[in-house]
Amino acid sequence: MKFIKFLLVGIFFGIVLVKSEAVSWFRIYEMFRFQSFHMYGIIGSAIAVGVAFLQLSKRGHIKTIKGAELFVPKKDKGVTRYIIGGIIFGLGWALIGACPGPMYIILGTGVWSMLIVIAAAIVGTFIYGLLKNKLPH
């Protein structure tokens, strides 16, 4: 029962994404064909909010539930892995019409074929976990 608040926030977030058409295949198709600003506006807004909260957490103004300061570890700088990862992510998004989070929201709207996509994503994540140490980072 202590995690019910997370479930409720997730349900609310799913409703917002459905109502804003962020999980609409047609909107995603428009975005990849550069025909509409709709999705770029949503993604840009999410980036702006994320950057703001990250900066607040780095300055110590945001704390965990237990009162501890959030720690954001520094990442290795490198462009190649982000370009390759972004291309793979973008191709999957373009082929499926959904990125990982909205896959569950689309399933919740009754698109049962999304179970195949979710299963494939879980298998892909498992395979990456097995190969992680052998891949260049």
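In this predicted model, α1 (4-19) and α3 (38-58) each supply at least two residues of the lining of the second largest pocket. The largest share of that lining, four residues, comes from α3. The second largest pocket holds about 300 Å³ of space. It is lined by 14 residues, and those closest to its centre are Phe 13, Leu 17, Ala 22, Ile 42 and Pro 102. By class, 13 residues of this lining are nonpolar, one is polar and none is charged.

Two or more lining residues come from each of α4 (80-96), α5 (100-108) and α6 (114-131). Helix α4 gives the largest share, 10 residues. The lining of the largest pocket comprises 18 nonpolar, six polar and one charged residues.

Two aromatic pairs were counted. Phe 3 and Phe 6 form a tilted pair, 6.1 Å centre to centre, with 35° between the planes. Phe 3 is exposed, at 55% relative accessibility. In the pair of Phe 34 and Tyr 40, the ring centres lie 6.3 Å apart. The planes of Phe 34 and Tyr 40 meet at 5°, so this pair is stacked; the cut-off for stacking is under 30 degrees. Phe 34 is exposed, with a relative accessible area of 69%, whereas Tyr 40 is partly exposed at 31%.

Glu 30 lies in helix α2 (residues 25-32). Its relative accessible area is 11%, so Glu 30 counts as buried, the limit being under 20%. Beyond its neighbours within four places in sequence, Glu 30 contacts Gln 35 and Ser 36.

Note on methods. Residues are numbered from 1 along each chain as its sequence is written. This is a predicted model: local features need pLDDT of at least 70, side-chain atom pairs count only at pLDDT 80 or more; totals for chains, interfaces and linings use all residues. Side-chain values use heavy atoms; hydrogens and water are left out. Rings of Phe, Tyr and Trp (its six-membered ring) pair if their centres lie within 6.5 Å; planes under 30 degrees apart count as stacked, over 60 as edge-to-face and the rest as tilted. Buried means under 20% relative accessible area, exposed over 50%, partly exposed in between (1.4 Å probe, protein chains only). Contact means heavy atoms within 4.5 Å. Ala, Val, Leu, Ile, Met, Phe, Trp, Tyr, Cys and Pro count as nonpolar, Asp, Glu, Lys and Arg as charged, and the others, Gly among them, as polar. On a 1 Å grid over the protein atoms alone, a cavity is a set of points where a 1.4 Å probe fits but cannot get out, and a pocket is an open set with protein on both sides within 12 Å along at least five of seven lines; lining residues have an atom within 4 Å of a point. Grid points are joined across faces, edges and corners, and a volume is the space filled by probe spheres set on the points.
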